[in-house]
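I opened the model with a notebook beside me. Below are my entries, in the order I looked things up.

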Amino acid sequence: MEVSLKPGLLDPQGKAIEGSLPALGWSNVSDVRVGKYVRLVVDATDLEAATTQVGDMSRRLLSNPVIEDAVIREVVEDAAGNGRA
Amino acid sequence: MTARAPRVGVVTFPGSLDDRDAVRAVRAMGGEAVPLWYGERDLGGADAVILPGGFSYGDYLRTGAIARFAPVMEELRAFADAGRPVVGICNGFQILCEAGLLPGALIRNAGRRFVCRWVDIRVETSLSPFTAGLVAGEVLRVPVKHGEGQFVARGDELDWMEGDGLVVFRYCDPDGALGAEHNPNGSAAAIAGVRNEAGNVVGLMPHPEHAIDPDLGPTGGQPMFAALLQSALEPVASGIR
């Protein structure tokens, strides 16, 4: 899943990267935003249960809804049939 | 009101730094400090509790995000719900916001740098454990030292906070005037500290516990700790608003 600061909130990491790109010759880049990528393995009965659980974990711990948006990018089963989100 | 010294608990989390200074400040101001441990579901009979500054759990994930689930926080939530005084300083403020005990959140400073300097803050309301008995408009000099102290909240939430008087401190100049140059981290509406609706939980980014001893500099923290000790002995008031 991906966690990113809500639009409009200052993203200092993005700003720092944006500020350094022109020095490397890329002066046409703006609005750089840096988020987090969280990958986890969930032992669940099926994909739906895993997705629900990841959503709950996202709201309670993995993201702060006051300042961040969280999106579940992909939920897949591994070869053994375990849910992997 | 009893004659005994108020008992003020100070919680140590893994990564707390300012717990010792908070304990010293409580003692210097005449209170009994009760060191508390994050892993214990016990507040040691405290009349008030301080969540001190530092970098609990290394600020991993988000500041305060892991500490809010520490065992002591279950007790603390019940304590706060019962109307007892709770104050969060710096990382403690971040923990209280993550726990939902205070509105808003703290993100990286707008200036993108760690700030460590003295600031002036203006008291906005006497309705909090750190400002009881103080007068709105009073200016206190205390230090800040943080990388993630920019207070943010949704626009409608800010309106609600302003309307209900939940802003407790604002960054200002020595005369109490607001201005971007006095706001060390770009906080919305120059907010340095806020309280909950009930008025018994307060959090702020500046460090009153470092501004107690006149031999070491300004003493803007003294009236705040005096207020806390006074609040600690007041009868539990579901009625503090």
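Is B:Gly163 buried or exposed? I counted C-beta atoms, placed from the backbone: 20 or more others within 10 Å means buried, 12 or fewer means exposed, and in between is partly exposed. B:Gly163 has 8 other C-beta atoms within 10 Å, so B:Gly163 is exposed.

**Ground rules.** I noted that this is a predicted model, where local features need pLDDT of at least 70, side-chain atom pairs count only at pLDDT 80 or more, and totals for chains, interfaces and linings use all residues. Residues are numbered from 1 along each chain as its sequence is written, while chains are lettered from A and ligands numbered from 1 in the order in which they are written.

**Around B:Gly163.** I placed B:Gly163 in helix 4 (residues 155-163) of chain B. Helices (H or I, at least four residues) and strands (E, at least two) are DSSP runs, numbered from the N terminus. I then looked at B:Phe151, 12 residues from B:Gly163 along the chain. Their C-alpha atoms are separated by 17 Å.

**Helix 5 of chain B.** I checked the length of helix 5 (residues 222-233). The expected span is 1.5 Å times one less than the number of residues.

**The core.** I looked up the largest nonpolar core, which has 76 residues. Such a core is a set of buried Ala, Val, Leu, Ile, Met, Phe, Trp, Tyr and Cys residues joined through C-beta atoms within 7 Å. Among the residues touching the most other members are B:Val8, B:Val49 and B:Leu228. The largest share of this core, 6 residues, comes from helix 5 of chain B. Which residues does B:Leu228 touch, not counting those up to four places away in sequence? I found B:Val8, B:Ala48, B:Pro85, B:Val87, B:Pro129 and B:Phe130. A contact here means C-beta atoms, placed from the backbone, within 7 Å.

**Strand 4 of chain B.** B:Val86 and B:Gly88 point one way, B:Val87 and B:Ile89 the other, and all are buried. I counted 3 bridges between strand 3 and strand 4 of chain B, which run parallel. Two strands pair if DSSP finds at least two bridges between them. B:Gly88 is the bridge partner of B:Leu51.

**Chain A.** I found 2 helices and 5 strands in chain A. From the N terminus on, the order is β-α-β-α-β-β-β. Of its 85 residues, 14% count as buried. The C-alpha trace spans about 50 × 30 × 15 Å along its principal axes. An open sheet of 3 strands in chain A has the order 2-1-3, with antiparallel pairing. Its edge strands are strand 2 (36-37) and strand 3 (68-71), and each pairs on one side only. I saw 2 bridges joining strand 1 (residues 2-5) to strand 2 of chain A. A:Lys36 in strand 2 is the bridge partner of A:Val3.

**Where the chains meet.** I found 9 residues of chain A in contact with 11 residues of chain B. On the chain A side, the largest share, 3 residues, comes from helix 1 (residues 12-20) of chain A.

Technical notes:
Contact = placed C-beta atoms within 7 Å.
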